[in-house]
Amino acid sequence: MNIIMVSLFGLIFTILPIAVLIIGMLWIRNVVVRSEKRADEQLFMERERSKQLQVLIERLDHIEQQLDSNTKRS
């Protein structure tokens, strides 16, 4: 009976650290993947904002040119 218990505990204490290590590695991988996704989303949003800002600047430049041409005509 003692040999069976010692063997069982030996097996448990051999497998348990490996399982904890694997679970820890998977958890770290998930955290990294989530943070990469979040960073990609933020980068995409920044690019979209930049494009929108560029369009607004172009529109303002066009309006400014129209105003300048109208004031020169007057």
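This is a predicted model: local features need pLDDT of at least 70, side-chain atom pairs count only at pLDDT 80 or more; totals for chains, interfaces and linings use all residues.
Residues are numbered from 1 along each chain as its sequence is written, and side-chain values use heavy atoms, with hydrogens and water left out.

**Exercise 1: the overall build**

Work out how many helices and strands the protein chain has, and what its radius of gyration is beside that of a compact globule of 74 residues.

Solution. 
- Step 1: Go through the secondary structure. Helices (H or I, at least four residues) and strands (E, at least two) are DSSP runs, numbered from the N terminus. The protein chain has one helix and zero strands. That helix, α1, covers residues 2-73.
- Step 2: Look at the radius of gyration, which is taken over C-alpha atoms; the globule rule is 2.2 Å times the number of residues to the power 0.38. A compact globule of 74 residues would come out near 11 Å, but this protein chain has 32 Å.
- Step 3: Along its principal axes, the C-alpha trace stretches over about 110 × 10 × 5 Å.
- Step 4: R29 and K72 are 43 residues apart along the chain, and their C-alpha atoms are separated by 64 Å. For L43 and I12, 31 residues apart, the C-alpha separation is 46 Å.

**Exercise 2: the surface**

Find what share of the 74 residues is buried.

Solution. 
- Step 1: Buried means under 20% relative accessible area, exposed over 50%, and partly exposed in between (1.4 Å probe, protein chains only).
- Step 2: Apply them. Buried residues make up 0% of the chain.
- Step 3: Check two examples from helix α1. R29 sits in this helix and is partly exposed, with a relative accessible area of 48%. L43 is in helix α1 too, and at 41% L43 is partly exposed.

**Exercise 3: the aromatic pair**

Explain why the pair formed by F9 and F13 is stacked.

Solution. 
- Step 1: Count first: the structure holds one aromatic pair. The ring centres of F9 and F13 are 6.4 Å apart and their planes stand at 25 degrees, so the pair is stacked.
- Step 2: Compare with the rule. Rings of Phe, Tyr and Trp (its six-membered ring) pair if their centres lie within 6.5 Å; planes under 30 degrees apart count as stacked, over 60 as edge-to-face and the rest as tilted.
- Step 3: F9 and F13 are four residues apart in helix α1, which separates them by about one helical turn.
- Step 4: See how open they are. F9 is partly exposed at 43%, while F13 counts as exposed at 57%.

**Exercise 4: the salt bridges**

Identify the partner that E46 has in a salt bridge, then describe the bridge between E48 and K51.

Solution. 
- Step 1: Recall the idea. Side chains of opposite charge can pair when their charged atoms come close. A salt bridge is a side-chain nitrogen of Lys or Arg within 4 Å of a carboxyl oxygen of Asp or Glu. The structure holds two of these salt bridges.
- Step 2: Take E46. Its partner is R49, with the closest N and O atoms 2.6 Å apart. They lie three residues apart in helix α1, about one turn. E46 is partly exposed at 46%, and R49 is partly exposed at 46%.
- Step 3: Move on to E48 and K51, whose side chains meet at 3.9 Å, N to O. These two also lie three residues apart in helix α1, about one turn. E48 is partly exposed at 27%, whereas K51 is exposed at 52%.
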